[in-house]
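Subject: Structure for you to look through

Dear colleague,

I am passing on the structure below, and my notes on it follow. Please read them with the model open beside you.

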Amino acid sequence: MIEVQNISKFSKSGRKLLNNISFTVKKGEFVGILGASGAGKTLTLRTLNRLLTPDEGVINFEMSPGIFKNISSVSKKELRAIRQKIGVIFQGYHLIQRSTVLENVLIGRIGSISTLRSIFYGFTDKEAAEAMVALQEVNMAEFANQKVASLSGGEKQRVAIARAIFQNPSLVLADEPISNLDPSNAKLIMKLIKALSDQIPVIGVFHQPLMTAKYCTRVIAIKEGQIVYDGHPNLSEEQLLDIYGLELEQLQQF
Ligand SMILES: Nc1ncnc2c1ncn2[C@@H]1O[C@H](COP(=O)(O)OP(=O)(O)OP(=O)(O)O)[C@@H](O)[C@H]1O
Ligand SMILES: [Mg+2]
């Protein structure tokens, strides 16, 4: 579970970038964050693994069952352990192109093994076997020894999901994970991300209201740094127009 309470963030010039954001996401939920460009979606997501420190508010993260940490105020040392429990999936994949698929999955646990071992990629056979299981879950096992650079966009995103699975996180964050993909790959990736939410809370930023309506259990809409909607993933045309304004017409809805 992750509990966000009254998060605010100001720019240097004093503009309120995030305005009193609050929400709680539990296991079994796949929350889609929608909103126009510049609304504050990425900033919100970045506060959840403290890539951005909020100026106000509290974020309680359940690292392991019953163990809560306030992400907004933990020490640097604790932050490392917390980030190891948060899987991230991005639009641009964030994979090491010159490394193999298997190595990229193994990197998911780099925060939990010693630096020396990580430098020499000293993973045990058991870890490699577990990484192969994660690759099987996204149907990428046959690519294990192939360099990531040679993969298609959909395949790369499946590797990123396998890496998150192997990391064994207590929360998964995804920022526009399907924005670079064609509709059939986007659907496949949505299904795989949704499957993660059976075990842990999943929060993703999307630009495709039809996809969030189909795959998410709940939608949160952000407008000008504030939550303007939090509820059922099916939004009416009127609600979407309120959220996106004139941008609605430009949205690719597939
Ligand atoms: N460090 C910063 N200082 C000042 N303004 C910032 C800073 N970082 C982001 N912003 C502004 O905060 C607003 C929200 O940015 P954010 O990246 O969250 O948008 P977004 O909703 O993810 O949009 P998009 O859909 O285009 O990715 C934007 O207006 C952005 O320019
Ligand atoms: Mg963004």
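Which of the 13 residues around ligand 1 come nearest? They are S37, G38, K41, T42 and H207, where a residue is near a molecule if one of its heavy atoms lies within 4 Å of it.

Before going further, please note that this is a predicted model, in which local features need pLDDT of at least 70 and side-chain atom pairs count only at pLDDT 80 or more, while totals for chains, interfaces and linings use all residues. Residues are numbered from 1 along each chain as its sequence is written, chains are lettered from A and ligands numbered from 1 in the order in which they are written, and side-chain values use heavy atoms, with hydrogens and water left out.

Polar contacts to ligand 1 (pairs of N or O atoms within 3.5 Å) include one from K41, which has a polar side-chain atom 2.7 Å from an oxygen atom of the ligand. For T42, a side-chain N or O atom is 2.8 Å from a ligand oxygen, and for H207 the corresponding distance is 2.9 Å. The protein buries 60% of the 640 Å² that ligand 1 exposes when taken alone (Shrake-Rupley method, 1.4 Å probe). By class, the shell holds 4 nonpolar, 6 polar and 3 charged residues.

Turning to the domains, the assignment, which is automatic or from a database, gives domain 1 (1-85 + 170-254) and domain 2 (95-168). Their centres, taken over C-alpha atoms, are 25 Å apart, and the contact (heavy atoms within 4.5 Å) takes 13 residues from domain 1 and 15 residues from domain 2. Between them the two domains bury about 1100 Å², 58% of it on carbon and sulfur atoms, this being the accessible area (1.4 Å probe) lost on being put together, summed over both.

Conventions:
Polar contact = N/O pair within 3.5 Å; in protein donor to acceptor, adjacent residues only side chain to side chain. Nonpolar A, V, L, I, M, F, W, Y, C, P; charged D, E, K, R; others polar.
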